[in-house]
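Colleague: May we go through this model together, one question at a time?

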Amino acid sequence: MKDYLPDWAHPWLELITLGLQIVLIIAAALLLRALVVRIITRLVRSHNLPLELIVGGRRFTSIVVFTSVVLLVLDRFNVSGAVLWTAITGFATVAAVAFFAAWSVLSNIFCAVLIYTTRPFRLHDHIEILENGDKPGLGGEVLDIRLIYTTIRETLPGREPTLLQVPNSLFFQRLLRVRIVDGELPSLHD
């Protein structure tokens, strides 16, 4: 490679090589992530699976691929795997203690798992959370279901649409109304 570089770049050859390796790692990771996301999207659409799998698959793929990128880049900088593992396990221990201190967060995460498994509503369903049977409550179109909260687009007559972030535990504490759109009943046996 020295033959192709000008004389002034020879002292920088190690840094140039390291930079090229990092760029190649990142480029390969982006291509791999795009390929896996495309495969997940095609599988979900061809087998008529829930749309949540696309979002969840994209997030899981991003976490795995970019964690691998960080590990590979750190390896290029000669960071020891044992030191890294010690730091990660120490952080995980502190995080576990913090989660036990935050019961409401754990409750919302557990409720998110219940929403994913029992599916009382899906993405793009129009729902309403009722205080009691005769009063209207929070409601709108479900845009995203995350671990802690669900994002709902509320559209009220004469007002700009707003986004509501509703804690997932609220769906199990209140009465929930799923509106029928286009005369199609949601499937209760999925």
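Colleague: What span should the 25 residues of helix H2 have at 1.5 Å a residue, and how far apart are its end C-alpha atoms?

Modeller: The model is a predicted one. Helix H2 covers residues 52-76. The expected span is 1.5 Å times one less than the number of residues. For H2 this gives 36 Å, which agrees with its end C-alpha atoms, 36 Å apart.

Colleague: Which residue of E3 stands opposite Asp 144?

Modeller: Strand E2 (residues 138-145) pairs with strand E3 (residues 149-154) in the antiparallel sense, over 4 bridges. The two strands form a hairpin with 3 residues between them. Opposite Asp 144 stands Thr 151.

Colleague: Which residue of E4 stands opposite Glu 154?

Modeller: E3 is also joined to strand E4 (residues 162-167) by 6 bridges, and these two run antiparallel. In E4, the residue opposite Glu 154 is Thr 162.

Colleague: Which elements give two or more residues to the lining of the second largest pocket?

Modeller: The second largest pocket has a volume of about 200 Å³. Its lining has 13 residues, with Ile 127, Gly 139, Gly 140, Thr 155 and Arg 179 nearest its centre. The elements that give two or more residues to this lining are strand E1 (126-130), E2 and E3.

Conventions
Residues are numbered from 1 along each chain as its sequence is written. This is a predicted model: local features need pLDDT of at least 70, side-chain atom pairs count only at pLDDT 80 or more; totals for chains, interfaces and linings use all residues. Side-chain values use heavy atoms; hydrogens and water are left out. Two strands pair if DSSP finds at least two bridges between them. On a 1 Å grid over the protein atoms alone, a cavity is a set of points where a 1.4 Å probe fits but cannot get out, and a pocket is an open set with protein on both sides within 12 Å along at least five of seven lines; lining residues have an atom within 4 Å of a point. Grid points are joined across faces, edges and corners, and a volume is the space filled by probe spheres set on the points.
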